[in-house]
Amino acid sequence: MFTLNLIPSTPITFSKSTHQYFPIKRIQTPKNLAESPVFLTKSTPLNFNKIHACPFGKIQALSSKTTHLGKILENPSWKAGSHVPKAAASSESNPEGEAESVEAAAAAKSKAKTLQLALVFGFWYFQNIVFNIYNKKALNVFPFPWLLASFQLFAGSIWMLVLWSLKLQPCPKITKPFIIALLGPALFHTIGHISACVSFSKVAVSFTHVIKSSEPVFSVFFSSFLGDTYPLKVWLSILPIVLGCSLAAITEVSFNFQGLWGALISNVGFVLRNIYSKRSLQNFKEVNGLNLYGWISIISLFYLFPVAVLVEGSQWVQGYQQAIQTVGKASTFYIWVLLSGIFYHLYNQSSYQALDEISPLTFSVGNTMKRVVVIVSTVLVFRNPVRPLNALGSGIAILGTFLYSQATAKKVSAAEKKS
């Protein structure tokens, strides 16, 4: 409500009106005035410069402009507040609507993240299953794991060279210290890879993966020997792993000592690769996981192939002829070998990409479930006989691996909070 002190003892009050055309009431003439003030007639424009007792004196810079009252008198359809800038008006929008839009955006982002995670795990599992199936098919007709393992490293090396040459993947800067730092991890990777292939050639794929699920046991023992400490939960989690693997080994139909030792040595090789990588590659953290694995594959190929020639090179020609006779078509055998090489690299590549996208805990759980999926898939494809106690032992070992991943993830998160 505005008050104009035209005469000090006589205030004139403008009150709100409900008139359909004029938003103010007709101003009543005060009793001590003979007639209405001249400045209120339509023919006389309102000029606040002539009102000496105007209460708007604090904003005299605006006195030369047309005021709200003048605009109302000149244009009845004009509404107060229409002069407010759009930015100011938008700032007074409905807060509930803004909250709903934020929630909708968050829900859409969550759905996109879930879809991305599903695709990452889907490709990782699919590629692992394809590798295990065609690797086993090739080994069944061509039981020379040293040559097949060498070809798989060769296929991965060619794949990475193509990515680097086409600039689909940035090539890391190669220096002499970097190559020297890779020599140890590549050696242990070679040991782990060839040992797993030997195990695959001797026993069922499902049995090899059950034994390979005992990798956490070796990780805890070797890391503890090198000075790391683990809480009681971690030590307790490896007990069902040992129990389950032992039960599965005793009741395995296709049990073979070479297959058992191959899987165990593979665990040792990969554990030492991981431990040695953390120690020797501390100064090369700018190299991402995919490029690191690519160079490990290249160096591993130079380690493995000369030894493969010495171990079984004299038998390759005869073994190749027998494989073609067994399969019937040379092209079928070539496809099996080619798929085993390509998908060996692809599933390892997907695992590194998955580790970049998700937390270590989610990765550990996904890796545990991957073994379950691979075991079930290979049993269905190759129709391997599974005894009830064998299935029970496999389940106990997988459960122990899951508990271990949970316990170690909590240990890592606690260490990160302290740091």
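## Helix packing and a few residues

Helix α5 (residues 176-202) and helix α9 (residues 257-280) have axes that come within 7 Å and cross at roughly 160°. Axes here are lines fitted to C-alpha atoms, for helices over the stretch in contact, and angles run from 0 to 180 degrees between N-to-C directions. The helices themselves are DSSP runs (H or I, at least four residues), numbered from the N terminus. With that angle, α5 and α9 are roughly antiparallel to each other. For the wording: angles under 35 degrees count as roughly parallel, over 145 as roughly antiparallel, 65 to 115 as roughly perpendicular and the rest as oblique. The crossing of α5 past α9 is left-handed; that label applies if the near helix is turned anticlockwise from the far one by less than a right angle, while right-handed means clockwise.

Before going further, keep in mind that this is a predicted model, where local features need pLDDT of at least 70, side-chain atom pairs count only at pLDDT 80 or more, and totals for chains, interfaces and linings use all residues. Residues are numbered from 1 along each chain as its sequence is written, and side-chain values use heavy atoms, with hydrogens and water left out.

Two packed helices are described by the angle between their axes and the distance between the axes. Here are the pairs side by side.

| Helix pair | Axis distance | Crossing angle | Handedness |
|---|---|---|---|
| α5 and α9 | within 7 Å | roughly 160° | left-handed |
| α5 and α10 | 8 Å | about 70° | right-handed |
| α7 and α9 | within 9 Å | roughly 50° | right-handed |

So how do α5 and helix α10 (residues 289-312) pack? Their axes are 8 Å apart, at an angle of about 70°. That makes α5 roughly perpendicular to α10. As for α7 and α9, their axes cross at roughly 50°, so the two are oblique to each other.

Now for α7 itself. Which residues are buried in α7? They are Glu-215, Pro-216, Val-217, Ser-219, Val-220 and Ser-223. Buried means under 20% relative accessible area, exposed means over 50%, and partly exposed is in between (1.4 Å probe, protein chains only). An α-helix has 3.6 residues a turn, so residues three or four places apart point the same way.

Pro-216 sits in helix α7, which covers residues 215-225. Its relative accessible area is 10%, so Pro-216 is buried.

The C-alpha atoms of Phe-221 and Trp-235 are separated by 9.6 Å, and the two are 14 residues apart along the chain. After α7 comes Gly-227, with a positive phi near 115°.

Over in helix α11 (residues 316-327) you'll find Ile-324. It is buried, with a relative accessible area of 18%. Ile-324 and Val-141 are 183 residues apart in sequence, yet 8.3 Å apart in space, C-alpha to C-alpha.

Next, some backbone angles. Where is Lys-167 placed? It is in the loop between α4 and α5. The phi of Lys-167 is near 60°, a positive value in a residue other than glycine, and Lys-167 is exposed, with 74% relative accessible area. Arg-383 is in the loop between α13 (360-382) and α14 (388-418). The phi of Arg-383 is positive too, near 55°, again in a residue other than glycine. At 72% relative accessibility, Arg-383 counts as exposed.

Last stop, the surface. Phe-154, Ile-158, Leu-161, Val-162, Leu-166 and Leu-168 make a nonpolar surface patch of about 560 Å². Patches are made of residues with over 30% relative accessible area and no salt bridge, with like charges joined within 9 Å and nonpolar side chains (Val, Leu, Ile, Met, Phe, Trp, Tyr) within 5 Å. A salt bridge is a side-chain nitrogen of Lys or Arg within 4 Å of a carboxyl oxygen of Asp or Glu. Accessible areas come from the Shrake-Rupley method with a 1.4 Å probe, and for residues only the protein chains shown count as cover. Phe-154 lies in helix α4 (residues 145-165) and is partly exposed, at 41% relative accessible area.
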